[in-house]
Amino acid sequence: MTTLILRSPSLTATTLIAAILSIATFVPAAVASDHKMVKEIDVQIDLAALTNATAAKHFATIEADLENALTARIVDRVAPDGIKITVDLSEFELSNSYKEAMNSADTRLVGDVSFSDANDNSNFDHWQQTVDVNSSAGFLPEGTDLSTLSPDSDVYYKAMISSFADAVVQRLGR
């Protein structure tokens, strides 16, 4: 951050305004560089995280799918000295809206997310991220009827992955 020190009593208002405007042009660049840069993304899930057969259908691809979704969102933030994003998925269930309405299912994706920096131990963050049917609804194609959408639908699965990835990237921008 640039500090402006006024030492001359003869500084006019015009000169002061010009100085402030010239400093203001550098502020957006400084703010933009505050975004965390990313070096690596690692997503993990173990078999115990799957809570139903519908979710198990995606076991072989969920790690790569979530890594790809995250990568697509941070492609402009990749740097060799950036942070590592680690996601350890602890629960994954896909259920239809009928079961959701009857409170007999919990459609959700839950994972512990960490940011770590090998170059700066003070640059870290850790939290549990949960996305559910409600937070994922905005990622469904326009006009999708939740009551007719099958839980094993790829559209529904992709919405859950997108919702989770967006939540992580939003936290990254803080």
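Serine 162 counts as buried because its relative accessibility is 19%, where buried means under 20% relative accessible area, exposed over 50% and partly exposed in between, with a 1.4 Å probe and protein chains only. The structure is a predicted model, in which local features need pLDDT of at least 70, side-chain atom pairs count only at pLDDT 80 or more, and totals for chains, interfaces and linings use all residues. Residues are numbered from 1 along each chain as its sequence is written, and side-chain values use heavy atoms, with hydrogens and water left out.

Serine 162 is located in helix 7. With residues up to four places away in sequence not counted, serine 162 touches Arg73 and Phe139; a contact means heavy atoms within 4.5 Å.

Arg73 belongs to helix 4 and takes part in the meeting of that helix with helix 7. The axes of helix 4 (residues 62-74) and helix 7 (residues 154-172) come within 9 Å and cross at roughly 45 degrees. Axes are lines fitted to C-alpha atoms, for helices over the stretch in contact, and angles run from 0 to 180 degrees between N-to-C directions. The two helices, helix 4 and helix 7, are therefore oblique to each other; angles under 35 degrees count as roughly parallel, over 145 as roughly antiparallel, 65 to 115 as roughly perpendicular and the rest as oblique. The crossing of helix 4 past helix 7 is right-handed, that is, the near helix is turned clockwise from the far one by less than a right angle. On the helix 4 side the residues are Ile62, Asp65, Leu66, Ala69, Leu70, Arg73 and Ile74. Those they meet in helix 7 include Tyr157, Ile161, Ser162, Phe164 and Ala165.

Histidine 58 lies in the loop that joins helix 3 (53-56) to helix 4. Histidine 58 counts as buried because its relative accessibility is 4%. Its contacts, not counting residues up to four places away in sequence, are Phe92, Leu94, Asp154 and Tyr157.

Overall, the chain has seven helices and four strands, taken as DSSP runs (H or I, at least four residues, for helices; E, at least two, for strands) and numbered from the N terminus. Their order along the sequence is α-α-β-α-α-β-α-β-β-α-α. Of the 174 residues in the chain, 36% are buried. Among contacts with a separation of 6 or more, 67% involve residues 24 or more positions apart.

The mean pLDDT of the chain is 78, and 72% of its residues reach 70 or more; pLDDT is the predictor's confidence in each residue, from 0 to 100. Over residues 1-33 the pLDDT is below 50, and this stretch has eight contacts in the model beyond near neighbours in sequence.
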